[in-house]
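Thanks for coming, everyone. Please look at the sequence and the structure on the screen, and keep both in view while I talk.

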Amino acid sequence: MTTCSLTIRDEHLARLTTHLIRDDGRERAAYVICNKVTIEHDPWDQTAHQKLLVVDVEPVPEDQVIESTPSLISWSTASLVRALKRAQANDQVLGIVHNHPSGLAWF
């Protein structure tokens, strides 16, 4: 079995928080671009491990958002395709992060 971990620096977490959490209560989304490393045999437990390190945060542009409410968000795939191409060109991993401003009980 391969375990996976994600590491995010304070500056990237702050950028995500500023973009995602706002007073209007709408869902928002962002892409995280990650460098990756695969360890075949962790020296402590001998298991495989994939480590992801966030190196950039790209908010989904407001002009790409089709609908955003307290319980859903949808957006054009144009920004997703650009982010995927960028990640692929640099042998990186793309992640999508979004918020649930109404809380998990409403999700």
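H19 sits in helix 1. Helices here are DSSP runs of H or I with at least four residues, strands are runs of E with at least two, and both are numbered from the N terminus. Is H19 buried or exposed? H19 counts as buried, at 8% relative accessibility. Buried means under 20% relative accessible area, exposed means over 50%, and partly exposed is in between, with a 1.4 Å probe and protein chains only. Leave out residues up to four places away in sequence, and H19 touches R28, A29, A30, P59, V60 and E62. A contact means heavy atoms within 4.5 Å.

Before I go on, a word on the source. This is a predicted model, so local features need pLDDT of at least 70 and side-chain atom pairs count only at pLDDT 80 or more, while totals for chains, interfaces and linings use all residues. Residues are numbered from 1 along each chain as its sequence is written, and side-chain values use heavy atoms, with hydrogens and water left out.

Now the rest of helix 1. It covers residues 10–20, and H12, L16, H19 and L20 are buried in it. Seen down the helix axis, these buried residues fall within an arc of 90 degrees, so they line one face of helix 1. That arc is taken from the directions from the helix axis to the C-beta atoms. On the other side of helix 1, D10 and T18 are exposed. What do the buried residues of helix 1 pack against? They pack against strand 2 (29–39), strand 3 (48–59) and strand 6 (93–98).

Next, R28, one of the residues that H19 touches. R28 is in the loop between helix 1 and strand 2. R28 is buried, with a relative accessible area of 3%. Its side chain has a polar contact of 2.7 Å with the side chain of D24. Another polar contact, of 3.3 Å, joins the side chains of R28 and E62. A polar contact is a pair of N or O atoms within 3.5 Å; within protein, one must be able to donate a hydrogen and the other to accept it, and residues adjacent in sequence count only if both atoms are side-chain atoms. Leaving aside neighbours within four places in sequence, the contacts of R28 include H19, L20, I73 and V97.

D23 is in the loop between helix 1 and strand 2 too. D23 is exposed, with a relative accessible area of 85%. D23 and P101 are 78 residues apart in sequence, and 9.1 Å apart in space, C-alpha to C-alpha.

On to the cores. In soluble globular proteins, nonpolar side chains tend to be buried together. Which residues form the largest nonpolar core? There are eight: L16, L20, A30, V32, C34, L52, V54 and V57. Helix 1, strand 2 and strand 3 each supply at least two residues of this core. A nonpolar core is a set of buried Ala, Val, Leu, Ile, Met, Phe, Trp, Tyr and Cys residues joined through side-chain atoms within 4.5 Å. A second, separate core has six residues, among them A29, Y31, W75 and A83.

Y31 and W75 come up again. Both are buried. A pair of aromatic rings is described by the distance of the centres and the angle of the planes. Rings of Phe, Tyr and Trp (its six-membered ring) pair if their centres lie within 6.5 Å; planes under 30 degrees apart are stacked, over 60 edge-to-face, and the rest tilted. The count comes to one aromatic pair. The rings of Y31 and W75 have centres 6.4 Å apart and planes at 70 degrees, so the pair is edge-to-face. Y31 is in strand 2 and W75 in strand 5 (residues 72–75), 44 residues apart, so to speak of linking: the pair links distant parts of the chain.

Now strand 1, residues 2–7. Of its six residues, the number buried is zero, so strand 1 lies largely in the open. Six bridges join strand 1 to strand 3, and the two run parallel. Two strands pair if DSSP finds at least two bridges between them. C4 stands opposite Q50 in strand 3.

Last, the whole protein chain. How many helices and strands does it have? Two helices and six strands. From the N terminus on, they run β-α-β-β-β-β-α-β. Buried residues make up 28% of the 107 residues.
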